[in-house]
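Welcome, and please open the structure in your viewer. We will go from stop to stop, and at each one you will hear what to select and what is there.

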Amino acid sequence: ERLVLERTLLHRLFGRCTLRVDLPASVVAAAGAVPRLDHLAPIASVDQTDALIRTCLPGVDLQALAWRPLHPGAAWRRWQRTLLWLLPLLAAGTLLAWGLPGLPADAGLVVLGLSAVLLGASAWHARRWAAGAAYAQGPGVLVWRSGVFTRRWVLLPERRCQAVLLRRSPADRRAGTARLCTDAQSVGLVLALDIPWLAEADAVALQARLWQASLALSHPRAAA
């Protein structure tokens, strides 16, 4: 299983958060139609969720973890991904505002102004996302946090990792970054963890650690 802690803007306003667990399919099948089985705490205080996390993962304290940031170019890379769909959309809107008959004469200028605001907002969002995104290693667990308006922490026990993959696109190879993808036995998950834009050395070290944990679980004598 993995734990997922979420705090929306409304949660943070009232000092609350949500904690859920992604359970193995066998557990869910055995439980039948029990509602909200995956929610350990639909709405709880920060102290309550911290206590639940320590109960599920002994020794893990989110406040005490040593967080490591992504590659310094992560903000630019994330903004580039946004621009791939935002720029064509803004260009199409600007052309329509200038070209459609019957629109006010200043419609094009208004759309240009809105486009500039949206570009600035997307750049701000990318910088905020990259500044808050980080990973940490606790006792037997890998933690990934991300998000701007809704903040999310994913806690994956290393022993649950079934597959670990490093992906490098051409842009990753040029920038010296890599994407770490892990799979685990959980409900409805394509990837248990998906951490983009890691420094390549950090990604390789994490991959080796997760492989070692998986080997220790499946072949204790070989790992020893």
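Throughout this tour, contact (or touching) means heavy atoms within 4.5 Å. What you see is a predicted model, in which local features need pLDDT of at least 70 and side-chain atom pairs count only at pLDDT 80 or more, while totals for chains, interfaces and linings use all residues. Residues are numbered from 1 along each chain as its sequence is written, and side-chain values use heavy atoms, leaving out hydrogens and water.

**Stop 1: Thr94.** Select Thr94 in helix H4, residues 74-99. Helices (H or I, at least four residues) and strands (E, at least two) are DSSP runs, numbered from the N terminus. Is Thr94 buried or exposed? Thr94 counts as buried because its relative accessibility is 13%; buried means under 20% relative accessible area, exposed over 50%, and partly exposed in between (1.4 Å probe, protein chains only). Now show Val111, Leu112 and Ser115: Thr94 touches these residues, not counting those up to four places away in sequence.

**Stop 2: helix H5.** Next, select residues 107-132, which form helix H5. From first C-alpha to last, the 26 residues of H5 reach 37 Å, close to the 38 Å expected at 1.5 Å a residue (the expected span is 1.5 Å times one less than the number of residues). Among the buried residues of H5 are Ser115, Ala126 and Trp129. The cover over the buried residues of H5 includes H4, S6 and S10.

**Stop 3: Trp129 and the largest core.** Zoom in on Trp129, whose contacts include Leu70, Trp144 and Pro196, not counting residues up to four places away in sequence. In the largest nonpolar core, which has 26 residues, Leu70, Trp129, Trp144, Leu180 and Leu198 touch the most other members. A nonpolar core is a set of buried Ala, Val, Leu, Ile, Met, Phe, Trp, Tyr and Cys residues joined through side-chain atoms within 4.5 Å. Strand S10 (193-199) is among the elements that give two or more residues to this core, and S10 supplies the largest share, four residues. In soluble globular proteins, nonpolar side chains tend to be buried together.

**Stop 4: a second core.** Colour Leu5, Ala41, Ile53 and Val143, which are among the 17 residues of a second, separate core.

**Stop 5: Thr49.** Move to Thr49 in helix H3, residues 46-56. With a relative accessible area of 1%, Thr49 is buried. Leaving aside neighbours within four places in sequence, Thr49 is in contact with Leu5, Cys17, Leu19 and Ala44.
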